[in-house]
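Here's a quick briefing to read with the model open beside you. Take a look at the fold first, then work through the points below.

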Amino acid sequence: MKSPVLGRALALVAPEGLLLVGIAWLDRAGVLPGIPTYAVAAVYATAALLAWRLRRTRVVLTLLALALAYPVLAPPATAGIDAGATEATRHAVAILLPLDLAVLALLADRGAFSIAGVTRFAALLSQAALVVALDASGSEAAAAWLGRELVPAAALGALPLPQPVLLSFLTALAVLTGAVLLRPDPVRRGFLWATAALLLAMLEAAVGGAASTYLLGAGLVLGVSVVETSYALAYRDGLTGLPSRRAFNEELLRLGSRYVIAMVDVDRFKGINDRHGHDVGDQVLRMVATHLARVRGGGRAFRYGGEEFAVIFAGKRLDAVVPHLERIRESIEGTEFTVRGPDRPRKKPKKPKPLRGERQVLRITVSIGAAERSPRLAEPEQVLKEADRALYRAKNAGRNRVVV
């Protein structure tokens with residue numbers, strides 16, 4: 001079973017963080033040549049098209065902001081403006097852009113033509129207009145103000161970026177890291193690593209390097225996050241977080257010559273829905289899924305449909321997995337499930353209010369049927385049907401048991 005620490009680490013870095021690390025390694029090794037502008041534009045356009053298709057307007061707006069900022073974040077020689085104005089403009093963009101990414105990551109996706117969508121688009125255009133005005137002014141005073149020292153720190157002086165820029169990036173990275181740890185989400189993770197790519201681009205440009213490599217990396221990271229979102233929608237159950245029926249069907253195609261399939265059904269689930277409502281039923285399903293996700297013995301749990309779940313034990317014998325199924329059944333039975341009242345907050349408050357009335361505690365149990373591949377049951381569909389028959393035998397025998 002994957003440890004919680006490892007799970008959180010993977011949720012933070014995979015795959016977008018690993019992609020950025022790979023880009024950085026290739027850049028340091030001199031493998032990547034200078035990235036032309038058209039390559040960056042192609043990556044941004046492709047990622048924006050994917051994001052638009054999946055209605056991830058936050059990503060579309062971010063890619064638009066990156067495209068608008070690209071001439072400024074590129075080396076000064078390609079910017080077409082004098083050095084003083086370039087410095088002020090680059091500092092302004094470097095301060096605004098990471099904060100924009102942090103804010104967009106925390107907002108919910110809205111339609112591009114909704115009030116929220118239009119407002120966000122207008123805010124980005126306003127920032128772009130502000131930067132253009134700053135560039136046109138060519139003010140050295142603005143450059144000095146944006147690059148001023150905030151705190152006397154010798155260690156920060158070794159970095160090639162001014163303190164306001166560093167503060168903006170550190171604030172954005174801290175907010176985004178907390179957001180991803182709080183709720184692992186591909187798009188949030190994409191924003192985190194796109195911000196890291198922007199920081200690397202700024203550091204590279206500050207020492208005379210090519211920022212385009214990491215600007216390309218920011219677009220790639222956001223594009224991969226959209227693909228990950230598409231995968232999650234197709235193969236991850238939105239209610240429980242377990243792999244979905246589609247993922248289960250594809251897993252069946254990859255099984256070898258030895259495996260066990262177990263079918264799990266929540267006992268008397270219809271009565272729970274009828275008596276307490278579908279919200280409570282959803283809470284029950286999430287609780288059961290949490291226990292199933294912790295199954296040991298090499299098992300992998302899936303949401304099969306309705307109140308049914310499935311567990312696949314690849315490369316295992318039936319007698320080896322039954323003890324693990326029994327432990328799961330016992331852990332679900334031993335969990336005290338308190339019905340959430342209409343006035344009960346979703347998060348536990350620091351100072352809980354006294355409960356009104358008597359608590360409603362439900363006894364949640366599951367029935368489990370399992371079957372193993374054998375010469376008689378040679379195909380996954382046959383094993384699945386046999387596990388389903390075992391499940392019905394468990395129901396008929398009184399529920400809350402494992403039957404093989």
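What follows covers the overall model, one set of strands, and a pair of helices with a glutamate.

This is a predicted model, so to speak of local features we need pLDDT of at least 70, and side-chain atom pairs count only at pLDDT 80 or more, while totals for chains, interfaces and linings use all residues. Residues are numbered from 1 along each chain as its sequence is written, and side-chain values use heavy atoms, with hydrogens and water left out.

**Confidence**
- Mean pLDDT (the predictor's confidence in each residue, from 0 to 100) is 87 for the protein, with 88% of its residues at 70 or more.
- Residues 76-85 stay under 50 in pLDDT, and the model has nine contacts for them beyond four places in sequence; contact means heavy atoms within 4.5 Å.

**Overall build**
- The protein has 16 helices and seven strands, which are DSSP runs numbered from the N terminus (helices are H or I, at least four residues; strands are E, at least two).
- Of its 404 residues, 44% count as buried, meaning under 20% relative accessible area with a 1.4 Å probe and protein chains only (exposed is over 50%, partly exposed in between).
- Among contacts with a separation of 6 or more, 72% are between residues 24 or more positions apart.

**Strands around E3**
- Strand E3 (residues 308-314) is mostly covered, with six of its seven residues buried.
- E3 runs antiparallel to strand E1 (residues 259-266), joined by seven bridges; strands pair if DSSP finds at least two bridges between them.
- In that pairing, tyrosine 259 has alanine 314 of E3 as its bridge partner.
- Strand E2 (residues 299-305) is also antiparallel to E3, through six bridges, and alanine 301 stands opposite valine 311 there.
- E2 and E3 make a hairpin with two residues between them, and glycine 306 in the turn has a positive phi of about 60°.

- The axes of H10 (residues 186-206) and H11 (residues 212-235) come within 8 Å and cross at roughly 175°.
- H10 and H11 are therefore roughly antiparallel to each other (angles over 145 degrees count as such).
- Residues making this contact include Trp193 and Ala197 of H10 and Val221 and Ser225 of H11.
- Glutamate 16 sits in helix H2 (residues 16-28) and counts as buried because its relative accessibility is 0%.
- Beyond its neighbours within four places in sequence, glutamate 16 contacts residues including Arg189, Trp193, Val221 and Glu228.

Notes: Axes fitted to C-alpha atoms, helices over the stretch in contact; angles between N-to-C directions. Parallel < 35°, antiparallel > 145°, perpendicular 65-115°, else oblique.
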